[in-house]
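Colleague: I have a two-chain model open and would like to talk it through with you. Can we start with how the chains are divided up and then move on to the contacts?

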Amino acid sequence: MPEAHRKLERSTIGFVLAIVVVASIGGLVEIAPLFTIDETVEEVEDMRVYTPLELAGRNIYIREGCYACHSQMIRTLRDEVERYGPYSLAVESQYDHPMLWGSKRTGPDLARVGGKYSDEWHVAHLVDPRAVVPESKMPAYAWLQRNTLKTDDLPDHLMAMLRVGVPYRDAMIENAARDAFAQAYPDSDMAEGVAERYGEDTNIRAFDGDPGRLTEMDALVAYLQIVGQLTDAAHEKRTGEQVVRAEETE
Amino acid sequence: MAIGERDPITGRHTTGHEWNGIEELDNRVPRAVIFFLIVTTLFSIVYWVLMPAWPLGVTYTKGLLGIDQRATVEKAVQEAAARRAAWTDEIARLDFAEITKRPELMRIVRESGSTLFGDNCAACHGTDAKGNPGFPSLADDAWLWGGDPETVAETLRIGINSTHPETRFAQMPAFGRDGILDRTAISSIVSFIRNNAQGIDDLGPLDSKGVKEGAQLFAENCAACHGEDGRGDPAMGAPDLMDDSWLIGSDRASLIGTVSQGRQGHMPHWEDRLTETDRKILAIYVTEIAGGRAGAAR
């Protein structure tokens, strides 16, 4: 054995290949099989996809690096469940490419922030965090309110999501730019199309307070208001099935 | 020195590398390291047997201990709820007036209420509950929808202009934007309000213009919700315009903005997020901040 190793470590290519093989064992054994295990991603019926506006907001969330300070992952620990709400399920990130679970909390976890605060609060807070939370150390993102949202590439973004398995329909892709505008313009004729394509529960509001103009603020607030709201699975699990499972194991 | 040669002093093999005449001995891996590797390997084998570990296609080995994180956290939450049951049951059972008469319950309400307020309410209403522009202060006597604990608890449950089916609903029309009143009329109404409300001491030359017309216009346009005397109506969530509490601001610009653009504040509903007991605790906590008069109607 020491002789074989002596030989291997003297061959550059051979040793690099050996390192690659050894280093990938962890991933192959621990991660890859999860994709085949039935329980990994729960099957739920009410899971819906992000609307184009929410997807655009998600892209802004990534662009501004929000994930660096905010996680979107409530762990299975009592203090987290009692503070934030039901622990995160894999299915909730089913259409997240890439997922934004994060691993560091300079600010609070955002997995259940959707619907927790009003749109006005999100806007006021993003424009100047210390105006509403004096002890906050979050940077201000006031320019989001001024920047017009780029919508012409939204069909491409939806198409890209479709390629990695998010079930966007043709009508959704065709109307992506129009739906993005309509979701923040509740009184327009186009708003009905959003509810029709994405469900009656879709938030259709002037997120930044100005219905006539589609800004990056609209997109980011629309996204923040849907985080954790794509499915009720986590809440159902807590009240129904999970309790039964807990009893079974006792 | 070439591979396989021995160092003349120690008699050990060398690695064959040489740097400026300095060579490296090819020593064995120390025993302590080998021992550590053996122990950790044994530990992992024991762990595989006891805990969920190996993937088997569509399933996995569940482990002899039957440990499941989800069941564990569920149990921990239930146990904690059981430990708190002694006082949560009391709070759930008693009505607001009875709770406020029990000092030992009020001590818990203050402690638990402070945490709940910090986690859920402070973002908008401020850690000191004094509010922010657009987000009402809860630390004063002015209430949009009523300040007795029962009403506050109901507001918490259904929210204001929220997505709850029973939500409280209020919307002030945009008198300017929607063309109901012209600029002069709006200016007159603002003059009337500023001249009659309490605690406005920065009256300027503009405020003396159109007070009389403002009174007339107020009666025609505003009194339906804010009352003939302008004291508001908690049944409709219409704020009192004669007190010294201002949601946005009492300066001319803020008031003209409000009358011309309208207002519709939003408070999320908390029925899905907080338990009934938690909302009850918060209602008492908040009304106590507002003046230590929990249990007494406004």
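Modeller: Domain bounds here come from an automatic or database domain assignment. On that basis chain A is given domain 1 (2–35) and domain 2 (52–249), and please keep in mind throughout that this is a predicted model.

Colleague: How far apart are the centres of domain 1 and domain 2 of chain A?

Modeller: Taken over C-alpha atoms, the centres of domain 1 and domain 2 of chain A lie 41 Å apart.

Colleague: And which domains does chain B have?

Modeller: Chain B is divided into domain 1 (14–60), domain 2 (70–166 + 267–289) and domain 3 (183–261), and the C-alpha centres of domain 1 and domain 2 of chain B are separated by 55 Å.

Colleague: On to the interface, then. How much area do chain B and chain A bury between them?

Modeller: Chain B and chain A bury about 3300 Å² between them, with 51% of that on carbon and sulfur atoms. On the chain B side, Arg70(B), Glu74(B) and Arg273(B) lose the most area to chain A, and together they make up 19% of what that side buries. In terms of residues, the contact takes 38 from chain B and 41 from chain A.

Colleague: How many polar contacts and salt bridges are there between chain B and chain A?

Modeller: There are 12 residue pairs in polar contact between chain B and chain A, counting pairs with both residues at pLDDT 80 or more, and the rule finds four salt bridges across that interface. The side chains of Arg84(B) and Glu82(A), for instance, meet in a salt bridge at 3.0 Å, N to O. As for the elements involved, β4 (59–60), α2 (69–93) and α4 (103–125) of chain B each give two or more residues to the side that touches chain A, and α2(B) gives the most, with 12 residues. By class, that side of chain B has 16 nonpolar, 12 polar and 10 charged residues.

Colleague: Now something else: where is Arg112(A), and is it buried or exposed?

Modeller: Arg112(A) is found in the loop between α4 (78–84) and α5 (119–127) of chain A. Its relative accessible area is 6%, and because buried means under 20%, Arg112(A) counts as buried.

Colleague: What does the side chain of Arg112(A) make a polar contact with?

Modeller: The side chain of Arg112(A) makes a polar contact with the side chain of Glu92(A) at 2.7 Å, and a polar atom of the Arg112(A) side chain also lies 3.4 Å from the backbone oxygen of Tyr87(A). Leaving aside neighbours within four places in sequence, the residues in contact with Arg112(A) include Ile74(A), Val227(A), His235(A) and, from the other chain, Arg273(B).

Colleague: Last one: why is helix α11 of chain A largely enclosed?

Modeller: Six of the eight residues of α11(A) (residues 191–198) are buried, so the helix is largely enclosed by the rest of the structure. Among the buried ones are Val194(A), Arg197(A) and Tyr198(A), and what covers the buried residues includes α3 (52–63) and α8 (154–163) of chain A. Just after the helix, Gly199(A) takes a positive phi of about 105°.

Conventions:
Residues are numbered from 1 along each chain as its sequence is written. Chains are lettered from A and ligands numbered from 1 in the order in which they are written. This is a predicted model: local features need pLDDT of at least 70, side-chain atom pairs count only at pLDDT 80 or more; totals for chains, interfaces and linings use all residues. Side-chain values use heavy atoms; hydrogens and water are left out. Contact means heavy atoms within 4.5 Å. Buried area is the accessible area (1.4 Å probe) that two parts lose on being put together, summed over both. A polar contact is a pair of N or O atoms within 3.5 Å; within protein, one must be able to donate a hydrogen and the other to accept it, and residues adjacent in sequence count only if both atoms are side-chain atoms. Helices (H or I, at least four residues) and strands (E, at least two) are DSSP runs, numbered from the N terminus. Ala, Val, Leu, Ile, Met, Phe, Trp, Tyr, Cys and Pro count as nonpolar, Asp, Glu, Lys and Arg as charged, and the others, Gly among them, as polar. Buried means under 20% relative accessible area, exposed over 50%, partly exposed in between (1.4 Å probe, protein chains only).
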